Amino acid sequence: MSEMIKQEQAKTKEDAFRLVIVTGMSGGGKTQASRYLEDLGYFCVDNLPPVFIPKFVELCKHSGGHVRKVVLVVDTRSREFFDTFVHTLNDMDKDDVPYEMLFMDASDPAIIRRYKETRRRHPMAPSSRISEGIAKERERLAPVRAKATYIIDTSELRKVDLRDKIHRLFGTSGGEQMSINVLSFGFKFGMPLDADMVFDVRFLPNPFYIESMRHKSGAVPEVAEYIAKWPVTKEFTRLLDEMLDFLVPQYIKEGKSQFVIAVGCTGGMHRSVYIAKHIFDRLTAQGYSTRLEHRDLMKNDVREHVREEC
């Protein structure tokens, strides 16, 4: 029975593996698409020669579940290797190797405009007109395009619209991709540069001026109870909770992959630690992927702290 369970678990892991091959026209948006896929947790490999795809997939499947979502960007930059692309795909079809192919396309005028803006040479026409390179590439890519699972034309597509399409096709439901980092800090040590939202809680009652609490952090129950008991704290946390209940789903809907909430007080030891932990506990209880960090806590004279960072 145990052997059967192990086999079933192994099959489940294998079924969870997802391979996305991104290809298409040069200037069609492959790089941007792969960046959005990377934000969704995919392991991305750019410009992999097609002949190596089956071996690479096999290695990923035997990674013990560490690599389950893979993106391979394959295009005409592979030069002579690209000629094997269709043959490789046909072999994978025969061997029932599951994959999805995303073909990024755009109109000739759009591609020409993009190359003019970036002043780059087209890979299929390094010494001639861009239009000639586009024509050659379209002809070469025609058999590949015919095998595509999805085709996205980016001619008139804004980046935000492309991101939304990628998320709908390759993301998971429930907005599980956004990770939230809650950070406490001290203003006297400088503002965190990577914060998306900053709360200044220096208006809350400060335990620093009470001798018995001066060297205890805001995570110590005695200090937390002192900060929490004041009407101003209760009103602030109520409004804070309402704000985050509204904002976090909006940021998830917008497609953010990471959201950093910073809470600051003077030294980053008492009030910011308490409020940051309050935010962390609430968001974690709501099922969000949340991490807590006290950036400047130990820069103070801390003699008692209840460690809860994770």
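Predicted model: local features only at pLDDT ≥ 70, side-chain atom pairs only at ≥ 80, totals over all residues.
Trainee: Into which domains is the protein divided, and what distance separates their centres?
Mentor: The division gives domain 1 (8-170) and domain 2 (179-299). Taken over C-alpha atoms, the centres of domain 1 and domain 2 are separated by 42 Å.

Trainee: How many aromatic pairs does the structure hold, and is the pair of phenylalanine 43 and phenylalanine 56 stacked or edge-to-face?
Mentor: The structure holds 7 aromatic pairs. Phenylalanine 43 and phenylalanine 56 form one of them, at 6.5 Å centre to centre with 15° between the planes. Planes under 30 degrees apart count as stacked, so the pair is stacked.

Trainee: Which parts does that pair of phenylalanine 43 and phenylalanine 56 tie together?
Mentor: Phenylalanine 43 belongs to strand 2 (residues 43-46), and phenylalanine 56 to helix 3 (residues 53-61). The pair therefore links parts 13 residues apart in sequence, namely strand 2 and helix 3.

Trainee: What is the geometry of the pair formed by tyrosine 150 and phenylalanine 170?
Mentor: The ring centres of tyrosine 150 and phenylalanine 170 are 5.4 Å apart, with 85° between the planes. Planes over 60 degrees apart count as edge-to-face. The pair is therefore edge-to-face.

Trainee: Where do tyrosine 150 and phenylalanine 170 lie, and what is the relative accessible area of phenylalanine 170?
Mentor: Tyrosine 150 lies in strand 5 (residues 150-153) and phenylalanine 170 in helix 7 (residues 159-170), so the pair joins parts 20 residues apart in sequence. Tyrosine 150 is partly exposed at 23%. Phenylalanine 170 is buried, and its relative accessible area is 2%.

Trainee: Which ring has the charged end of arginine 202 over it?
Mentor: Lysine 69 lies over the face of tyrosine 42, at 4.8 Å from the ring centre. The charged end of arginine 202 is placed 3.8 Å from the centre of another ring, that of phenylalanine 187.

Trainee: Why are the buried residues of helix 4 on the same side of the helix?
Mentor: In helix 4 (residues 85-94), the buried residues are Phe85, Thr88, Leu89 and Met92. They share a side because the arc they cover around the axis is only 100°. On the other side of helix 4 are the exposed residues His87 and Lys94.

Trainee: What do the buried residues of helix 8 pack against?
Mentor: In helix 8 (residues 221-228), Val223, Ala224, Tyr226 and Ile227 are buried. They cover an arc of only 160° around the axis, so they lie on the same side of helix 8. The buried residues of helix 8 pack against helix 9 (231-254) and helix 10 (271-285).

Trainee: Which backbone oxygen does the side chain of tryptophan 230 reach?
Mentor: Tryptophan 230 lies in the loop between helix 8 and helix 9, and is partly exposed at 31%. The C-alpha atom of tryptophan 230 is separated by 7.7 Å from that of proline 205, 25 residues apart along the chain. At 3.0 Å, the side chain of tryptophan 230 reaches the backbone oxygen of tyrosine 226.

Trainee: Where does asparagine 300 lie, and which backbone oxygen does its side chain reach?
Mentor: Asparagine 300 is in the segment after strand 9 (289-294), and at 18% relative accessibility counts as buried. Not counting residues up to four places away in sequence, asparagine 300 touches Lys188, Phe189, Gly267, Gly268 and Met269. The side chain of asparagine 300 reaches, at 3.1 Å, the backbone oxygen of aspartate 296.

Notes. Residues numbered from 1 in each chain as written. Heavy atoms only, no water. Phe/Tyr/Trp six-rings, centres within 6.5 Å; stacked < 30°, edge-to-face > 60°. Helix = DSSP H or I, 4+ residues; strand = E, 2+ residues; numbered from the N terminus. Buried < 20%, exposed > 50% of the residue type's maximum accessible area, 1.4 Å probe, protein only. Lys NZ or Arg CZ within 6 Å of the ring centre and 35° of its normal. Arc of directions from axis to C-beta. Contact = heavy atoms within 4.5 Å. Polar contact = N/O pair within 3.5 Å; in protein donor to acceptor, adjacent residues only side chain to side chain. Domains from an automatic or database assignment.
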